[in-house]
Every structure is written in C-alpha cells, then in structure tokens.
Amino acid sequence: MTDGITNILVVGIGGQGVMTAAEMLARTALDQGYDVKKTEVAGMAQRGGVVSSHVRFGPKVYSPQIDPGEADLLIGFEAAEGLRWLPYLRPSGVAMVNTLRLTPPIVSAGLYDYPADPIAELASAGIEVHTFDAGAIADELGNSKLVNTIMLGAISDYLPFPSEVLKACIVEGFRAYKPKLAEINAQAFDAGRAAGH
Amino acid sequence: MNAVVHAQAESRHLLSGNEAVARAAWEAGVRVAAAYPGTPATEILENIALYPDIYSEWSVNEKVSVEVAIGASLAGSRALAAMKHVGMNVASDALMTQSLAGVAGGLVIVVADDVGLSSSQNEQDSRYWGRFGHMPVLEPADSQEAYEMVKQAFPLSEEYETPVIVRMTTRVCHVKAMVTFSGERIAHHAPGFQKNPQRWVMTPANAKPRLPLMHERDRMLRTVSERSGLNEVFKGSDRRIGFVTSGPAFMHVRETFPNAPVFKLGFSHPAPLDRIRAFAGDVDTVAVVEETEPLLETELRAAGLNVRGKDVLPRFGELAPSVLRPAIKPLLGEPYEIPARSQSSVFPRPPTMCASCPHLGPYFALSHIRNLNIIGDIGCYTLGAGHPWNALDTCTCMGASLSMAHGMDKGRGESDEKKHIVAVIGDSTFLHMGMQGLLNMIYNRGNVTVLLLDNRSVGMTGGQENPGTGQDLHGLPAPRVDFAKLAEALGVRPERIRMVDPYELPTMVKLVREETKMEEPSIIITNRPCSLTDRFERLKSYEVLEDKCTGCGNCIDLGCPAISVSRRETVTAKSGKTKELVFARIDANTCTGCHMCVETCAPEAIVQPPPATRTIRIHPHD
C-alpha cells in the first residue's frame, strides 16, 4: 500500500453483488475517516457481462481507477474472473477468489474455452491466493444470496482496519433495512472470515 | 426515499457525480428538470425525482427535454436538462438558437460523455458545444465539484443570460466520492414569462441583432473565466513540466505527477488565456491533458503558446495514470518502459440477452429466415447482432432503423433485389425518434417490415418508464400510447399491423415470413414486458429430461442464458455422414419459466418438474 492508499478490486459478473460488496467496503472506509473513491463501468453489466469495481481509500485519493499491477487486494466472485483480473494485482497483493465457475453462452456454444483449472493457474502465479467455495458455505447457511457477505468476511483480515468494523457496517445495514437478515449475515461474515485464511 | 434528500448542510456523504448533481439542483432552487435516459447520465433525473419540490419528467427525447427546460427558463424558473453525449446531438437544434436568444431563469445543461464507450455507439467531446454554441462550459473532476459547479452554474446562467453546459464524463457520473453539502434548498422566485417578441421570436430580423450581443457575451465570459475560482493553480516544486488540464484528467495528473505545477480548469470555456500564459512562463514545458479532443491545446497554440499534448497523448479513450506515465515520462527525459505483464487470455464475456427476454423470440425468428437485411437501432435488441443470432446488420443512432431501412429499400443494389428489408426498434426508441421514420416511409410509399419490440421499458438503461409503459418518472399512472393505433394513424394499413406474443415462436416465425413478403409497409408489434422489470411475472422453472433430449440443439439457438450445453456427441448416420449432437440443460436458478424453449423441442424433453412431495414432519416435543 503505497502513499497510504489501499486499492481493492472487486470483480465478477453482473448480478453477483460485486457493486454492493464494493459499496460496503467504501462506506466502511469512509466511516474510518479515509478519503474514498469507488468506480465501476457497469453500463451493460446486468446482461451477464464482466463487472469490475475499484475501491481506493487513504488520506487523499485522486484518480478513481486502479492501474494494472497496483491492486493490493483482489476479490473474485468467480474463478475465471479472478484469473482475468490477476494482472491488476501487485506482486505483494492478496487474491481472494470464489471457486464458482460461470460459463457464458459463447463458451457453452464452443466458441471459446473455459480455463481448464483457473484455481491452479491462480495458485501458480506466485502471489498470495486464497480460494474457496463461497456458494457451498452459503448453501450450508441456507441462503445462496449470502455469497457477497461471505466474500467480504474472507477479505476482512487483510484490510488496514479491524475485521469487526466491516462486519458491523454490514450487519448494521441489514438491521436498518432488512432486520430479519442481520443475524444470518453476521454468521456468513464469520464463516467467510474463517475460510479466507 | 433516499437519505440524501433529507440531509442537512455540513453533512458528508459518499455520492456518485449524478447524485451530487441532483442534490445541487435541489439546493439551487431548480423548479423544472427533464431528461431522456442514457448511460452514464440516467441517474441524474432518477435522483432529482426523489426531491418533491422539483417538477421532473422523462421527456420523449433529449430535444424535447431541453425545450421543456427552455420553456421553464422563459417563465423565470431555474431549469435543468440532463443527457448523455449523443443526446446533445438531438438536443442541439433547440440549444443553438436559444443560446442566441438567451435565457431568463437559470438554464443548465448537464451532458455526460461516455469516454471509452462503455455503453455507447461513439465517443464525443461535448466541450465542442460550448465553442459551437457560444455557451460557457464547466467541467467537474469529481462528485464534490459536480455539486459545487451545478450550484454555481445557475447564477452564472442568469447573470449572462446564457445556457450553461456542465460537462461530465463516466468517471464523474459513476464514481462515488465524498461530498460535503454546503447548504439546503433556496427557493427561487419565478417572475413569470416576460413577453418580448424581439427577444424571444427568432425570426431573421430579430435573431440578427442578437449575434453581436452573443459575441460580446463571449468576451465578458472570458473575463469571468480569468477571475473564476473554478480555475485554480496547484503549485509544484518540479517545474520541468506544468500541466493544463480539466475534468477527471486532473485527478490522473495529480496522481501520477504529484510534484508538478498544475493549472486546473473548472471553468474551461472560455479558457482564461492570460492566466494560462502566466502559468506557462513559470514552467519549462506546458503539457495539456484533456479528454478527449485537443480543444484547449489548439486554442493555446493559436494564442501563441508552444504546448505539448496530443503529440504524445492518445486522442481517444479514457486517460489514467497508466496512460499518462508512458506519454509524459519521455518528455522529462526519463525513459519509461511499460511493465511487462502477462496478458490475460480468459475468454470474453460479452453482454447477453436475459432469460425470458421478449427479444429472444423475434431474434430466433430473424435468425431462421434467409434473405433479410436487418436494420437495427439503439437498445438491448442491438445484442441481436451477436451470438447466437447474428441477426442484426446495422446500428447507428436512436430511431435510425426505419429511415435507414427505407433508404436501403429505395437504394437497393442489384444483389439486394430479392432481399426483404426489416427494421428492428424498441418501444421507447420508436417514440424517441423512430416514428418520424415510419411516417416518412408511408408518405414516400416505401416497403419495409418493422419489428416494434414493445417490452414496456427503456431496457438497456435499467427499465425506465416512457409514454408506452403507462407510468411516469415517479411511477405514477400516466396515459399509455396505443402503438397499433399510432401506426394506423401514421398510415400503416390495419391489415398490416400485427400484434404478436413473442414467446409463441411458431407464430413469430410465421408472421415475419408473411409480412416480409408483402409489397408495402407493415409493422409487427410484440407485447411482452422486459423480464427485469416488475411487470414481468416469474413462473416455475423448466428442466431438460436427459433421456428424452435428442441433442438437436434447437433450444440452444434461442440464445437464452438459462440454457447451456451439457455434452456434445459426434454420431455417424447410416449414410456415413457424421453429425454433432448438442445436448442441453437448463439452470433452474436462471430459468424464469417463460416456456419459449418448449416450443423449440420436438421430443418434448423440456418440462416443468413435478411439485416436490411435501413431507410433513411432526415434532411432538417442540
């Protein structure tokens, strides 16, 4: 983290909750007193396209974009997307990648190939990579929509502020708008945190 | 309601540029705001709509939205129109003359450039309009500046009686950053329309005397720019290069060269030439960094300054620190090698149509009929050009499909002699600018088959309302246009107006075949709502019975993202010919039960699973 700036790249596919996860990180950083910028290009994202959300925070942030090779943390909601954005990570960075494989129609139709083993490719890249099946954890907890919170839990020990701060921000958010989901999201966060080591 | 609506002065928020513009409009006492949806500007009006004391509307197109704002301004109200860059092309007719006539209540035009084409058909630099139309241009670099500049734009507009352009880009509109509010709403008195034909009736005789006044206004605005606090010098210790920059490009310059002096232009047109000249005298070399055209650079050169710019920087696309470094470092005599990074070889993931999308049926039909030239338009249905349909041959601008199709019919080349010409357009695009093309085609006795895909929403921008949906910007009931009656009123014969359920594939295919054979204009209108809107009713998902699937692959041709290939098999027929079989599966989470694929399946292998047997467990001790 140079100049005191933390660069987090959250990537996945439209509809997976990438932008919501980035929003939670940005809000928490704001609450911690940092200057924050968050950007994404999501014009066509809800139609199954790639979504990448950049979150930058520190004493003073100018450019909203993370350059290739400058991300401190990479959160991949899907295996091939984790691989796609790997060049954005610094050699000293940490990648947290969900092992989920989502095959788009053009791959299904045989026009392109899905990488045979994206997780192995990530592991051999010479950087710190953690991979786990967030969907399986969500299913165990009984709600497939928890993947988002699980991924945030997984990355929470690699942030420049305590894990509990991010957890509180997420849980308070649910308590305010969907109180019935607050407790299960707290559990999902903890389960993700355990899986992220 | 959004929390920001009730937020007080001095409070701090994480806001997108678009949200910041909305708050600023409210604080500035705007009474009327209008727009047509368009990425990246759509959320400006969606957020303004949250403030109850502003009249706000989705207009049918950008020209109408600007004219609505002009009318409000002439009544003395503060008014705002927002649009994406290509919307300004549509709106410019009104604006070019109103700039000459001037304004009464403050009139602010927020235009958002999609630099880098994340969701547009071209890239444009809207700062040109300031030069072309003699209007001042303000350029915010982030949300806080968007907030402040929109607030300042209104008094500027009123003092100099000019429309003011606030030029945003995707990296202002869609970047969330901190904004501290400095005030709350100040009610703005609207004195009412002051009749003055010499001023407001732009006949040649009345318009001509306005020309010198407009040029005098330019001169005055230049002096305003010279002393404007929006134009700011950031001192720097490394004077080898001084940067002149505006908008988000400033952020990239600061990020990349933190010790360099920077002249940041917020009031970027007319540019403060005297101050820039003084700045240039303090540095060894001046580099102009602007997105995207060399407008400022050309003006500075014309003013006799020897500046660098597009000779090293790209002329299109987004700037970023990674773009600036290799361009500027060599000017400093510091060789810069672009770091070698393994290029990701992961497959592309282009946007696709959605499960149950009502456009799937028409494109299934179009991809199965030969001898068509399919002239497209702007909307989700532009995706029909892609896999697996490959059934769209052109896309240019809003509403172009009908008129371009008409022209292609009239200008038929020899090889097109037996081709049928089809125009494909959506409901909102038809109402925006497409129906004039239909009227023109009827009037001039053309022969085009129009596919009007009415999904009752502006789909691509996120399902906004339009005059065809029955609701307004606020979700309130609104009169709903009857497309069949409209087509008939424009002159399509009633026999040639065909309503169809796009989910009924055999009917869909039959109708397109029939109508394309007619020697007169015809229109096929679909009637299913966008599957991402509340109007769509999700039903029970389907599954593929593996033992019944014969591998014909017909359902795959539909292009539904819920259907994928489960396995492939190559078989040899008795004749010795080999054939590839493609077996399908349906993802139960993605499938929304529209049943379109059922119609493609001869062996009836696609079924709804029987309801799961419910086991009632009794726990007597609970």
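How many bridges join strand β1 (residues 6–13) of chain A to strand β4 (residues 71–76) of chain A? Four do, and the two strands run parallel. The legends below take this pair and its surroundings view by view. This is a predicted model, in which local features need pLDDT of at least 70 and side-chain atom pairs count only at pLDDT 80 or more, while totals for chains, interfaces and linings use all residues. Residues are numbered from 1 along each chain as its sequence is written, and chains are lettered from A and ligands numbered from 1 in the order in which they are written.

View 1. Strands here are DSSP runs of E of at least two residues, helices are runs of H or I of at least four, and both are numbered from the N terminus. Two strands pair if DSSP finds at least two bridges between them. Look for A:V11, whose bridge partner in β4(A) is A:G76.

View 2. Eight strands form an open sheet with mixed pairing, in the order β6(A)-β5(A)-β4(A)-β1(A)-β3(A)-β2(A)-β8(B)-β1(B). β6 (128–132) of chain A and β1 (12–16) of chain B stand at the edges with a single partner strand each, so one side of each has no neighbour in the sheet. From one strand to the next, the twist averages 20°.

**View 3. Where the chains join in the sheet.** β2 (residues 35–40) of chain A pairs with β8(B) in the antiparallel sense, over two bridges. Here A:K38 stands opposite B:K176 of β8(B).

**View 4. The side of chain B that touches chain A.** In total, 39 residues of chain B are in contact with 42 residues of chain A (C-beta atoms, placed from the backbone, within 7 Å). Elements giving two or more residues to this side of chain B include β8 (176–180) and α14 (321–328). The largest share, four residues, comes from α11(B).

**View 5. Two helices of chain A crossing.** α6 (residues 147–155) and α8 (residues 182–195) of chain A pack at about 45°, with their axes 6 Å apart. Axes are lines fitted to C-alpha atoms, for helices over the stretch in contact, and angles run from 0 to 180 degrees between N-to-C directions. Among the residues that meet are A:M151 and A:L152 in α6(A), and A:A188 and A:F189 in α8(A).

Note on methods
Two residues are in contact if their C-beta atoms, placed from the backbone, lie within 7 Å.
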